[in-house]
Amino acid sequence: MAVMESEALAALHRVFGYDAFRGEQEAVIEHVITGGDAVVLMPTGGGKSLCYQIPALVRPGTGVVVSPLIALMQDQVDALRALGVRAGFMNSTQDFDERRVVEAEFLAGELDLLYLAPERLRLDSTQDLLSRGKISVFAIDEAHCVSQWGHDFRPDYLMLSLLGERWPDVPRIALTATATHATHREITERLGMPDARHFVASFDRPNIQYRIVPKADPRKQLLNFLREEHAGDAGIVYCLSRNSVDKTAEFLNRNGIEAVPYHAGLDAGTRAAHQARFLREEGLVVVATIAFGMGIDKPDVRFVAHLDLPKSVEGYYQETGRAGRDGLPSTAWMAYGLNDVIQQRKLIQSGEGDEAFRRRANQHLDAMLALCETVRCRRGQLLAYFGQDPDPAGCGNCDTCLTPPETWDGTVAAQKVLSTVVRLQRERGQKFGAVQIIDILLGRRTAKVIQFDHDQLSVFGIGEELTEAEWRGVVRQLLAQGLLAVEGEYGTLVLTGASGAVLRREREVPLRKEPKKPAADRSTSGR
Ligand code: ADP
Ligand code: ZN
């Protein structure tokens with residue numbers, strides 16, 4: 001075993017030019033080299049690739065890497081070849097002749113690593129080919145793609161359990177940066193790896209400063225954030241829709257910040273060109289849907305900004321994790337508001353999937369909302385979500401640690417919102433969205449208020465002590481706390497099972513104070 005270890009270290013020096021293994025790498029590599037199965041959870045940038053590349057170099061035969069990142073295979077293989085590693089790939093972008101060359105190299109034992117798209121494994125011809133060569137290790141990259149509940153589900157991953165059945169003597173290593181306990185369990189079960197050893201690296205990314213600001217005029221807020229803290233820096237801006245990606249990129253360019261759009265509606269050539277520019281140039285901003293970023297290895301991404309709410313904490317963690325892979329100070333910045341909550345709830349309700357799927361999606365969203373609304377350390381909340389113990393004293397590098405938010409007793413305000421919803425429904429048989437509810441509370445005689453006689457309601461004008469922005473904050477937090485719900489395609493507000501306790505004064509409702517000026521503008525970033 002010691003011989004194996006030193007061989008691993010020798011390969012690290014000789015091939016990759018690094019001095020030492022990082023974190024869990026050594027333990028993982030030793031385990032796999034000696035023939036054990038491994039499930040590896042490591043944050044993005046943690047160094048997962050070496051965990052299978054070194055065993056592939058040390059063990060006899062070819063390491064077969066299953067990866068969904070077809071667009072990156074050519075680059076990965078080129079990079080390895082530049083280091084003198086004999087690497088090849090097989091995917092749908094190749095023509096017949098190119099594939100024949102790789103197949104011949106594999107059969108002749110001339111490959112250290114073979115990258116394979118999961119859909120190729122479905123083919124009998126591919127399985128036969130693999131059976132005729134010698135395989136040192138199977139690596140299953142982005143293993144969370146096997147999870148049907150996750151945002152990156154790939155049906156082809158479900159058949160990867162056949163690897164263990166057909167090649168029981170070849171060690172397998174599954175790797176991912178996504179790691180709730182549920183995903184973890186699913187990976188182990190679906191890939192058929194009950195005896196695998198689990199290696200879990202810390203999910204803390206201390207150099208990333210987490211900040212979530214109330215959304216007012218998001219593009220302008222973004223522009224200020226970039227001008228004040230990240231002028232000339234490379235970064236990623238995530239938006240929910242293609243349309244807002246295009247508009248935001250345009251807006252940034254008009255205001256002197258060089259930005260390119262990236263989403264599935266652009267043709268493949270444009271997407272590839274924009275990605276290549278982002279990787280090569282300094283200080284370029286990519287405005288993108290979540291279609292962008294999986295597998296992108298750019299160390300000096302200084303910020304990740306979200307203009308819309310991610311669907312889950314896993315998604316948020318993965319997207320923000322693309323910042324600061326070089327370990328230098330970086331910012332994860334997000335603008336978040338009432339419409340995000342309404343929009344995401346509507347998407348879940350109108351989306352595909354059965355009742356169980358919707359329930360899971362709502363649970364994911366609840367966890368994300370709790371992170372947005374917390375008055376405690378955000379990093380602590382993130383780490384706790386991934387099952388790690390946070391520092392009880394706080395991290396000192398997130399907005400809630402830097403500028404602790406104030407809370408106030410929102411019980412009466414909550415009762416006013418809820419009783420307006422009740423009145424409309426009981427007395428009028430009507431359901432309305434947040435805008436109308438707030439107009440009624442503020443006593444505004446808008447056209448729509450007049451049209452429905454809502455100025456005749458007893459609750460009309462009972463909320464003049466708060467501003468519109470403050471009421472939006474109240475409604476948003478009630479939605480986040482499950483004291484109010486969104487229904488149907490118009491996003492009307494309805495009560496939940498928990499609302500009654502508030503109306504009957506059996507339950508207090510502490511709320512987070514909406515900062516007059518976003519807390520983030522006052523705090524100084526690490527740079
Ligand atoms: P992941 O796949 O987990 O996101 P990578 O395998 O791409 O991470 O590694 C991230 C970066 O860290 C790469 O640039 C890689 O070369 C570097 N790296 C990994 N392991 C080491 C090490 N032991 N010493 C120095 N650099 C390393
Ligand atoms: Zn903190």
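This report walks through a predicted model of one chain and its ligand, from overall build to single residues.

## Ground rules

Residues count from 1 along each chain as its sequence is written, while chains are lettered from A and ligands numbered from 1 in the order in which they are written. Because the model is predicted, local features need pLDDT of at least 70 and side-chain atom pairs count only at pLDDT 80 or more, but totals for chains, interfaces and linings use all residues.

## Overall build

The chain has 23 helices and 17 strands; these are DSSP runs numbered from the N terminus (helices are H or I with at least four residues, strands are E with at least two). Its radius of gyration is 26 Å, close to the 24 Å that the globule rule gives for 527 residues, so the chain is as compact as a globular protein of that length. That radius is taken over C-alpha atoms, and the rule is 2.2 Å times the number of residues to the power 0.38. Along the principal axes, the C-alpha atoms fill a box of roughly 85 × 45 × 45 Å.

Buried residues account for 44% of the 527. Here, buried means 20 or more other C-beta atoms within 10 Å of the residue's own, exposed means 12 or fewer, and partly exposed is in between, with C-beta atoms placed from the backbone. If you take contacts between residues at least 6 apart in sequence, 74% of them join residues at least 24 apart. A contact needs two C-beta atoms, placed from the backbone, to lie within 7 Å.

## Around the ligand

Ligand 1 has 13 residues around it, and the closest are Tyr 18, Arg 22, Gly 47, Lys 48 and Ser 49. To be near the ligand, a residue must have its C-beta atom, placed from the backbone, within 6 Å of it. Helix 3 (residues 48–58) gives the most to this shell, with three residues.

Sorted by class, the shell holds four nonpolar, six polar and three charged residues. The nonpolar class is Ala, Val, Leu, Ile, Met, Phe, Trp, Tyr, Cys and Pro, the charged class is Asp, Glu, Lys and Arg, and the others, Gly among them, are polar.

## A crossing pair and a covered helix

Two packed helices are described by the angle between their axes and the distance between the axes. For helix 18 (residues 411–428) and helix 21 (residues 468–480), the axes come within 10 Å and cross at roughly 85°. The two helices are therefore roughly perpendicular to each other. The axes are lines fitted to C-alpha atoms, for helices over the stretch in contact, with angles from 0 to 180 degrees between N-to-C directions; 65 to 115 degrees counts as roughly perpendicular, under 35 as roughly parallel, over 145 as roughly antiparallel and the rest as oblique. Ala 413, Ala 414 and Val 417 from helix 18 meet Val 474, Val 475 and Leu 478 from helix 21. By class, the residues of this contact are six nonpolar, no polar and no charged.

Helix 13 (residues 313–320) is mostly covered, with eight of its eight residues buried. Among them are Glu 314, Tyr 316, Tyr 317 and Glu 319. Its buried residues pack against several elements, including strand 8 (208–214), strand 13 (330–336) and helix 15 (355–373).

## Buried spots

Ala 38 sits in strand 1 (residues 38–41) and counts as buried, with 25 C-beta neighbours inside 10 Å. Leaving aside neighbours within four places in sequence, its contacts include Val 28, His 31 and Val 32, which are also among the buried residues of helix 2 (residues 25–33). Gly 35 follows helix 2 and has a positive phi, near 100°.

Val 66, in strand 2 (residues 62–66), is buried too, with 24 C-beta neighbours inside 10 Å. Its C-alpha lies 9.5 Å from that of Glu 119, 53 residues apart in sequence. Phe 292 belongs to the loop between strand 11 (285–288) and strand 12, and is buried with 23 other C-beta atoms within 10 Å. Not counting residues up to four places away in sequence, Phe 292 touches Ile 236, Tyr 262 and Val 286.

Glu 142 is not a glycine, yet its phi is positive at about 50°. Glu 142 lies in the loop between strand 5 (135–140) and helix 8 (162–166) and is buried, with 22 other C-beta atoms within 10 Å.

Arg 505 also has a positive phi, near 60°. Its place is the loop between helix 22 (499–503) and strand 17 (510–512), and Arg 505 is exposed, with 10 other C-beta atoms within 10 Å.
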